[in-house]
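These are my notebook entries on one protein model.

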Amino acid sequence: MARSDRLPIRYTLQDYQNQPTPQPQPQAQAQPQPFKRHHTARYYAHRVRESFTNRVIKILCTIFLSLLLFVGIVLFILWLSLRPHRPRFHIVDFIVPGLSQPSGFENAQITFNVTDRNSNPHIGIYYDSMVGSVFYKDQLIGSAPLMDPFYQEPKTTTIVYSTFGAATLTVNSNRWKEFMDARQQGTVIFRLEITSVIRFKVTTWDTKHHKLHVNCDVAVGPDGTILPTWRNKKCPVYFS
């Protein structure tokens with residue numbers, strides 16, 4: 001009997017317990033096969049009809065928004081061209097002839113010249129009334145109507161000229177002395193205020209009445225004539 005060179009291996013109970021337990025290998029799961037849906041011709045016709053409807057709605061919305069934008073731009077341009085601009089007033093001349101005479105109040109006289117410019121290219125102005133007033137130190141010294149009602153064409157200039165005489169001016173000896181004292185300082189400052197009720201004529205319709213106020217501060221020298229720095233000065237204009 002042949003002798004084996006292998007040594008016998010003996011396992012104890014502890015060795016068997018330490019042996020790892022073989023884990024079962026997971027089996028590959030079968031991938032689910034995609035389910036193919038078969039749509040009817042009616043389904044595809046509905047989808048085509050729905051897509052066409054959405055496209056038509058988008059086109060209509062685009063057209064509507066474009067028209068709305070175009071109308072808005074046109075209205076804005078019309079508003080800019082037809083929006084009334086207030087008239088522009090400039091003081092051209094202002095003379096107190098007897099200022100150099102101590103007793104000049106007896107024949108006191110004030111003459112002034114103001115330009116009224118309507119700068120609107122397409123809008124006329126109706127002047128229903130116009131009143132001029134002269135103030136000294138915020139005290140009224142004379143007031144009178146200036147012009148009869150008139151219509152001012154677009155892009156035209158109207159000259160407002162008037163003379164306040166002794167019958168119009170309320171100047172006494174004390175007031176005249178104040179003029180003379182200011183004259184010694186080299187400058188006498190007056191304020192000419194013009195008040196008008198106007199209407200704007202826009203194409204074929206007229207606006208409501210507006211009360212226009214024009215304030216022209218003006219200074220005269222010792223000889224009673226307007227100082228050069230005050231000539232052609234723009235007068236503030238506001239409505240009330």
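**Entry 1**

In my notes, buried stands for under 20% relative accessible area, exposed for over 50%, and partly exposed for what lies in between (1.4 Å probe, protein chains only). The model is a predicted one, in which local features need pLDDT of at least 70, side-chain atom pairs count only at pLDDT 80 or more, and totals for chains, interfaces and linings use all residues. Residues are numbered from 1 along each chain as its sequence is written, and side-chain values use heavy atoms, with hydrogens and water left out.

Aspartate 138 sits in the loop between S3 and S4. I note that helices (H or I, at least four residues) and strands (E, at least two) are DSSP runs, numbered from the N terminus. The phi of aspartate 138 is positive, about 65 degrees, although the residue is not a glycine. Most residues other than glycine have a negative phi.

Next I looked up lysine 155, which is in the loop between strand S5 (150-152) and S6. Lysine 155 also is not a glycine, and its phi is positive at about 55 degrees. Its relative accessibility is 46%, so lysine 155 counts as partly exposed.

**Entry 2**

How many bridges join strand S3 to strand S4? I found six between S3 (residues 123-136) and S4 (residues 139-145), and the two strands run antiparallel. Two strands pair if DSSP finds at least two bridges between them. Tyrosine 136 has glutamine 139 of S4 opposite it. The hairpin has two residues between its strands, and lysine 137 there takes a positive phi near 50 degrees.

**Entry 1: The open sheet**

I then traced an open sheet of four strands, whose order is S6-S2-S1-S10 with antiparallel pairing. Its edge strands are S6 (156-164) and S10 (233-235), each of which pairs on one side only. On average, neighbouring strands of this sheet are turned by 30 degrees against each other, direction ignored. For such angles, axes are lines fitted to C-alpha atoms (for helices over the stretch in contact), and angles run from 0 to 180 degrees between N-to-C directions.

Within the sheet, strand S1 (residues 88-95) is joined to S2 by seven bridges, and these strands run antiparallel. Histidine 90 has threonine 115 in S2 as its bridge partner.

**Entry 2: Aspartate 116**

Is aspartate 116 buried or exposed? Aspartate 116 is buried, since its relative accessible area is 0%. Its place is in strand S2 (residues 110-118). Aspartate 116 and phenylalanine 89 are 27 residues apart in sequence, yet their C-alpha atoms are 4.7 Å apart in space. Residues up to four places away in sequence not counted, aspartate 116 touches several others, including Arg88, Phe89, Tyr127, Gln152 and Thr157. Contact means heavy atoms within 4.5 Å.

Serine 162 belongs to strand S6. It counts as buried because its relative accessibility is 12%. Not counting residues up to four places away in sequence, serine 162 touches Ile110, Thr111, Phe112 and Leu146.

Threonine 170 lies in the loop between S6 and helix H3 (173-184). Its relative accessible area is 56%, so threonine 170 is exposed. I found its C-alpha atom 5.0 Å from that of isoleucine 141, which is 29 residues apart from it along the chain. Apart from neighbours within four places in sequence, threonine 170 is in contact with Leu140, Ile141 and Gly142.

**Entry 3: Phenylalanine 52**

Where is phenylalanine 52 found? I located it in helix H2 (residues 41-82). Phenylalanine 52 is exposed, because its relative accessible area is 57%.

**Entry 4: The whole protein**

Finally, I looked up the totals. The protein has three helices and 11 strands. Of its 240 residues, 30% count as buried. Among contacts between residues at least 6 apart in sequence, 71% join residues at least 24 apart. The protein exposes about 17400 Å², of which carbon and sulfur atoms supply 57%. Accessible areas come from the Shrake-Rupley method with a 1.4 Å probe; for residues, only the protein chains shown count as cover.
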